Amino acid sequence: MLIRPITPKDLDALVQIANESGPGFTSLMPDRDALSRKIDHSVESFARNVTKPGVEHYLFVLEDSTTGDIMGTTGIEAAAGVSRPLVHFRRNAVIRHAGDRQKRHTEESLTRCQHYTGCTEVCSLYLRPEFRRANAGKLLSRVRFLFMALHPERFADTVIAEMRGVSDPSGQSPFWDWLKHHVADLDFMSATQLACCGQSGFIDQFIPAKPLYTRQMTSEARAVIGQVHEDTRAARHMLEREGFRHRGFVDLLDGGPTLECPRSDIASVRETLLASAVLRGRPRNPAVDSGETFKSAIVANTGCSEFRATVTSQVWPAPDSCNLVVEELLARQLDLGDGSLVCYLPLGRTSQQSQGRQQPRQEPATEEIRYAY
C-alpha cells in the first residue's frame, strides 16, 4: 500500500470513488470536470512554495503498488472557508424564565455561524470496500498528520474534520427531511450539490440566520444531531484517539458533527519522528539487532510533491545511533537513499516502550471504514 499525491492519470479512479461514495460524501461530488479541476488544484498545491496556509488543497491516493489499483483517497484543505464560506450550526442552550425566575427551563437551539474560517480541514477519506485490509484505514487517516508534522508551515494551528451525518441507504437525511420543509423544498442530494459547488447565495437564501429550536423538530431529526453515518463511526473513533473532540458545531444539511484539535496536540503529529536512513539489502528480524519487537509503522520520505508513504514492519532503529534501518526495496519505493531523511510514525509501542505502562486497547485487524468524511 503506497500513499502518494494524486495526479491527472487518477481521474477515472476518482470519478469511480465519487460515484461509489454516494450522497453526503460532500468533498468528492460525482462531477468529472469538477474532479479534474480538484486534481489540478492539488497538483499545484503540492508544487507551491508555501510559508503560511492559504487556498491549497492536498489530495492523496492509496495505491496497490502491485496492481496499480487506487484503493482510496484522503485529503487536507490548508485553510477552510477562505475561498468560499464554511458555515455550521452552533448548538446553544437557551434558558427561559416563565414569569417566576424560579421557574425556568432550558431549550436547545441551532444558530448559523462561521466559526472555523481559516482552520485546516482533514477530508476526503474514503477506503473502497473491496480494498479493506489491515492498516489501510489507519494509513489513510494518520498519514495526513505525519504530513502536517513534516510541513507545519502549510497548515493552521487548529485542525477540524467535518464528519458525515446520518442518512439511510437511499441517501435521505432525517435532519434535512425536517429542515427542508422550513427552508427549501429540495431533496438532500440537490441541496448537497448546491452547497458543495459554492452556489452563490445558497446558504443566505435557504438556511435561516435566526435560531432553530430543536423542540420543534421531529424526533428523528433531533436524534441525529451530532451523530455520524454508520460507515463513519470507525473514522470518528480514530480521530478521537488522536485527540479530536466535538465542540457543538454541526453540519447545516445532515447535522453531522465537526471535530477539532490543536495541530500540535494531535497524537500522530507529536509522535512523528525523523531519522537518517541506513539501507540494508535484505530484511531481517529487528529483534536480532536490538532485542526489541517492533510493530508496524507508517514510513515516508520528507518530500512534498514527491511525497511517498507506506505501512511496514521492515524498518527499525539502528543500534547505538539515531538512524533508521530500511530495507533497500522499500527505500526504492519511497525514493529514499542511504543517509536520506526518513519519517517514522509507529502504529504501536515497542515492547520496551510499553513496559510499566497501560497497554493500549487492541484494535481490529481490518477497519470497517467505507465512507468517512
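Which residues in α1 meet which residues in α2? I looked up this contact (heavy atoms within 4.5 Å) and found Leu11, Asp12, Leu14, Val15 and Ala18 in α1 meeting Arg32, Leu35, Ser36 and Ile39 in α2. The residues of this contact divide into 6 nonpolar, 1 polar and 2 charged. Here Ala, Val, Leu, Ile, Met, Phe, Trp, Tyr, Cys and Pro count as nonpolar, Asp, Glu, Lys and Arg as charged, and the others, Gly among them, as polar.

I noted that this is a predicted model, in which local features need pLDDT of at least 70, side-chain atom pairs count only at pLDDT 80 or more, and totals for chains, interfaces and linings use all residues. Residues are numbered from 1 along each chain, and side-chain values use heavy atoms, without hydrogens and water.

I next looked up the packing of α1 (residues 11–21) and α2 (residues 32–47): the angle is about 125° and the axes lie 10 Å apart. Helices are DSSP runs of H or I with at least four residues, and strands are runs of E with at least two. Axes are lines fitted to C-alpha atoms over the stretch in contact, with angles from 0 to 180 degrees between N-to-C directions.

I then turned to the loops. Asn135 lies between β6 (120–127) and α3 (136–150), and its phi is positive, about 75°, although Asn135 is not a glycine.
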